[in-house]
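These are my notebook entries on one structure, set down in the order in which I looked things up.

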Amino acid sequence: RLFTYCDVQTALVLVFVLLLTFWYLRPGKNLPPGPWGWPVLGHIPTLGKSPHLVLTAMRKKYGDVFSIRMGPKDVVVLCGYEAIHEALVRKGEDFSSRPSMYLFDKTTGMKSGIAFLPYGSLWKQQRKFTLRSLRDFGFGKRSLEGKILEEAEGLKEEILKTANTPFNVRPLLQNAVSNVICSIVFGARFDYSDPKFNYLMDRVNQNFGEQDLAGVTNFFPLLRHIPAVRKAVDKVLKNAEEVIGSLREDLIEHKNTFDPSNIRDFIDSYLLEMSQEDEAGDRENFTEDQLNYVISDLFVAGSETTSTTLTWALLYMVLYPEVQQKVQEEIDSVVGPDTALSITQRSQLPYTEAVITEVMRIKPVAPMSLPHATSKNANLFGYDIPEGTMIWPVLWSVFYDPVHYHEPEVFKPQRFLGENGQFVKDPTFIPFSTGRRMCLGENLAKMELFLFFTHLLQHFTFKLPDGAAKPSTVGIVGIITYSPVSFDLCAIPRE
Ligand code: HEM
């Protein structure tokens, strides 16, 4: 016998030690240093259910830029405004791609739509076209304000039906906000009792919620073959397919009634672009499939984020009745009870503006933005970051940075007010992210937040149900968004 049992054992231990050393030291790589995670799993177990908090805490020890491992993948974490600005704005050309992640890729048509397209000409074309069309069919038109106010009025009527009894406001907000983007995209709205809408929103909510088992496939795609993981992944894929399928029906209906001389909404505008591209003999980038995923991105991103922010805003109003009262007094000082506020009056309501801003700071709906990736080999603060590396801009760390925001954990709208009570913009306030990939719906969202919030507070005082415990301000981190735990409130109509 050439080798003894002990020799084999020693060799195995040596190989294991070598692999571990390779895993931890990453020879040949000059990535920013960071904490050592678990072998094989890396930081997946460490981040737990509050990755934004864990990463913000790690910043204290490892600085503004550090690396972690998520399974086999290196992730470069950016904390604080300066690091995020340096990468996403100053080096935007290098840091504006999206990573390949199994679940995201599968639910977004293997790199279709806008939000998950890699940086490049297809993304640039789709984004530019979408921004321009949204402006034509919404943002730039005064009619959009009318549309939002119409929905705000419908929401008011719906809330009146609760007749002072406790209810969960979130589904109603989702319906109202979603109707705005639906009217821009396919010229339709959903009634509050429409089972199709409730079904669709339920699919979206499930996919935006916690994704423990399915989410792990983003880092270990092969785990999808384990039956329990497979089941969770299938559910996410089925939900996404149902949303896409339902939007496809609207698309087909538009195709059948398409008239190039009467462009009704975003879908028509895209169909027109497709036909023009066709004449030029190039339909490569503007395809029906691509359109299906673009409208899905707009529907999902346009409904979930804004309604979640409004839900947080009402939660803070029931927790801080004195703030709510001040907002109401400010609204009353600008318009009478029967007149709706216009977006042009925003500058006359600095306190209200500060309250909305503070809600978005203390509860950023996308605390870790969307994941970015390097589009080429890049350098950041002297570190070499290979092409395709995942980049996480932790927006939460910006808003909880005591250097920029004194006592960040305290809800203090006045931090955004100047000495004369005027609203003061803070350049580090980036809930929509920053740089080339920053939120495409920022203008729409800001308009909706202002008009919905003021309309609601003009007509109702929101209170906790008698004897109810205070709702928690600790939210739930889903696959992208940070939402409050479901809570009930009462809406008391104002005299
Ligand atoms: C991307 C925040 C509303 C459409 C994003 C990103 C953030 C964000 C943080 C990631 C940016 C990045 O990767 O650097 C928000 C917040 C909203 C909101 C806080 C409301 C309060 C909306 C609305 C729409 C929308 C109403 C629909 C028109 C998008 C799209 C992207 C995006 C399409 C992907 C952009 C790209 O990859 O080029 N948003 N968003 N968002 N948002 Fe929003």
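How are α14 and α17 oriented to each other, roughly parallel or roughly perpendicular? Before answering, I noted that this is a predicted model, in which local features need pLDDT of at least 70 and side-chain atom pairs count only at pLDDT 80 or more, while totals for chains, interfaces and linings use all residues. Residues are numbered from 1 along each chain as its sequence is written, and side-chain values use heavy atoms, with hydrogens and water left out.

**Entry 1: α14 and α17**

I looked up helix α14 (residues 321-334) and helix α17 (residues 442-459), and found that their axes come within 9 Å and cross at roughly 95 degrees. α14 and α17 are therefore roughly perpendicular to each other. I recorded the angle classes: under 35 degrees is roughly parallel, over 145 roughly antiparallel, 65 to 115 roughly perpendicular, and the rest oblique. The axes are lines fitted to C-alpha atoms, for helices over the stretch in contact, and angles run from 0 to 180 degrees between N-to-C directions. Helices (H or I, at least four residues) and strands (E, at least two) are DSSP runs numbered from the N terminus.

I then listed the residues that meet: Gln324, Val327, Gln328 and Ile331 in α14, and Phe453, Thr454, Leu457 and Gln458 in α17. The residues of this contact (heavy atoms within 4.5 Å) divide into four nonpolar, four polar and no charged. In this scheme Ala, Val, Leu, Ile, Met, Phe, Trp, Tyr, Cys and Pro are nonpolar, Asp, Glu, Lys and Arg are charged, and the others, Gly among them, are polar.

**Entry 2: α13 and α14**

I turned to the axes of α13 and α14, which come within 5 Å and cross at roughly 110 degrees. α13 and α14 are therefore roughly perpendicular to each other. Met317, Val318 and Leu319 of α13 make the contact with Pro321, Val323 and Gln324 of α14.

**Entry 3: α8 and α9**

Helix α8 (residues 170-186) packs against helix α9 (residues 195-208) at an angle of about 100 degrees, with the axes 11 Å apart. That makes α8 roughly perpendicular to α9. I found Gln174, Asn175 and Ser178 of α8 in the contact, together with Phe197, Met201 and Asn205 of α9. The contact of α8 with α9 has two nonpolar, four polar and no charged residues.

**Entry 4: the ligand**

Which residues come nearest to the ligand? Of the 26 residues around the ligand (a heavy atom within 4 Å), I found Arg98, Arg127, His372, Ser433 and Cys439 to come nearest. By class, the shell has 15 nonpolar, eight polar and three charged residues. α6 (121-139) and α13 (288-319) each supply at least two residues of the shell, and α13 gives the most, with six.

I next looked for polar contacts, that is, pairs of N or O atoms within 3.5 Å; within protein, one must be able to donate a hydrogen and the other to accept it, and residues adjacent in sequence count only if both atoms are side-chain atoms. A polar side-chain atom of Arg98 lies 2.8 Å from an oxygen atom of the ligand. For an N or O atom in the side chain of Ser433, the distance to a ligand oxygen is 2.6 Å, and for one in the side chain of Arg437 it is 3.0 Å.

**Entry 5: burial**

How many residues of α4 are buried? In helix α4 (residues 80-90), I found eight of the eleven residues buried, including Tyr81, Ile84 and Leu88. Buried means under 20% relative accessible area, exposed over 50%, and partly exposed in between (1.4 Å probe, protein chains only). Gln126 lies in helix α6 and is buried, with a relative accessible area of 0%. Leaving aside neighbours within four places in sequence, Gln126 is in contact with Gly113, Ile114, Leu117, Tyr270, Asn285, Phe286, Gln290 and Val294.

**Entry 6: loop residues**

Ser375 is found in the loop between β3 (372-373) and β4 (378-380). Its side chain reaches the backbone oxygen of Glu93 at 2.8 Å.

I noted that phi of Ser369 is near 50 degrees, a positive value in a residue other than glycine. Ser369 lies in the loop between α15 (350-362) and β3 and counts as buried at 11% relative accessibility. Phi of Phe381 is also near 50 degrees. Phe381 lies in the loop between β4 and β5 (383-385) and counts as partly exposed at 47% relative accessibility.
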